[in-house]
Amino acid sequence: MTTETGHRCGHVAVVGRPSVGKSTLVNALVGERISITSRKAQTTRHRIVGVLTEPGIQYVFVDTPGFQTRHGSTLNARLNRSVREALADVDVVVWMVDAARVNEADRRVLALVPGDKPVIAALNKVDLVADKGALLPRIAEIASLRDFAAIVPLSAERGTQLDALKGEIAKMLPAGQPVYGPDDLTDRDERFLAAEYVREQIFRRLGDEVPYATTVGIESFEHQGDARLIHAVVWVDKPGQRAILLG
């Protein structure tokens, strides 16, 4: 494949504290559900790439775990390391915050971004802000934190202002040939996505009873026409939690 004249391609890290909507945003931009979502923190545990190919440009979005600033478990330490590694290897950073508030955890995530990386501030969930006039002082507050390439209010859930965000990202992507095929949506295979979808349902249905240490593995994955026959195993912390899953 040769580089097309004027073609752009680059990696874009989406970072933020837990539960600000990073995976929802990546899914909305790509147009498919490649990252699982829930209302619980630390749903995303892996760096997941979402690919969006449009005429003359390919966006490679990197969905990262929410950076955990309060709890020092081994899992959180590994997730935080994944965020730092993602920041080192991308061309553009989208720093996501809740449009209703910016707190110390948000600022700590922003402080992790290397000074030479262009950063776009994405104010998510603007649809939930009843007083839209309150957005102006919020934007001014955010603008004082760093020299941002752009500040974009949006709603990942409703798809509001996504074209504006893509337009700002496109300005900063380097010239280059696509690194993925035109029909590729992610770097993950079906087995990985199947395990994530099972884990998502555990979070959504049993999040109050089963801890987030739950892990899902795929033992077999068979194609039967358009259907998939999947055998999965779920690991939990304690034997008593098996009954909760089976019940």
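Predicted model: local features only at pLDDT ≥ 70, side-chain atom pairs only at ≥ 80, totals over all residues.
Biologist: How many bridges join β1 to β4?

Modeller: Four, and the two strands run parallel. To find the spot, look at Val 12: its bridge partner in β4 is Val 92.

Biologist: And how many bridges are there between β1 and β3?

Modeller: Seven, with β1 and β3 (residues 57–63) also pairing in the parallel sense. There, Arg 8 stands opposite Ile 57 in β3.

Biologist: What about β4 and β5, over how many bridges do they pair?

Modeller: Six, again in the parallel sense. Val 97 stands opposite Leu 123 of β5.

Biologist: Let's stay with β4. How many of its residues are buried?

Modeller: Seven of the seven, so β4 is largely enclosed by the rest of the structure. Val 92, Val 94, Met 96 and Asp 98 point one way, while Val 93, Trp 95 and Val 97 point the other way.

Biologist: Time for helices. Which residues of α3 are buried?

Modeller: In α3 (residues 104–112) they are Ala 105, Asp 106, Val 109 and Leu 110. Seen down the axis of α3, these buried residues fall within an arc of 140°, so they line one face of the helix.

Biologist: Why do residues three or four places apart point the same way in an α-helix?

Modeller: Because an α-helix has 3.6 residues a turn.

Biologist: Nice. What do the buried residues of α3 pack against?

Modeller: They pack against β1 (8–15), β4 (92–98) and β5 (119–124).

Biologist: What caps the N-terminal end of α3?

Modeller: Asn 103 does, with a side-chain oxygen 3.0 Å from the backbone nitrogen of Ala 105.

Biologist: And in α5, which residues are buried?

Modeller: α5 (residues 162–170) has Leu 162, Leu 165, Lys 166, Ile 169 and Ala 170 buried. Looking down the axis of α5, they fall within an arc of 135°, so they too line one face of their helix.

Biologist: New topic: how many aromatic pairs does the structure hold?

Modeller: Two. Tyr 59 and Phe 61 form a stacked pair, 5.7 Å centre to centre with 5° between the planes.

Biologist: Is Tyr 59 buried or exposed?

Modeller: Tyr 59 is buried, with a relative accessible area of 3%. Phe 61 is buried as well, at 0%.

Biologist: And which residues form the other aromatic pair?

Modeller: Trp 95 and Phe 148, again stacked, at 5.6 Å centre to centre and 10° between the planes.

Biologist: Where does each of those sit in the chain?

Modeller: Trp 95 is in strand β4, and Phe 148 is in the loop between α4 (135–143) and β6 (150–153). They are 53 residues apart, and the pair links distant parts of the chain. Both Trp 95 and Phe 148 are buried.

How values were computed. Residues numbered from 1 in each chain as written. Heavy atoms only, no water. Buried < 20%, exposed > 50% of the residue type's maximum accessible area, 1.4 Å probe, protein only. Arc of directions from axis to C-beta. Contact = heavy atoms within 4.5 Å. Polar contact = N/O pair within 3.5 Å; in protein donor to acceptor, adjacent residues only side chain to side chain. Phe/Tyr/Trp six-rings, centres within 6.5 Å; stacked < 30°, edge-to-face > 60°. Pairing = 2+ DSSP bridges.
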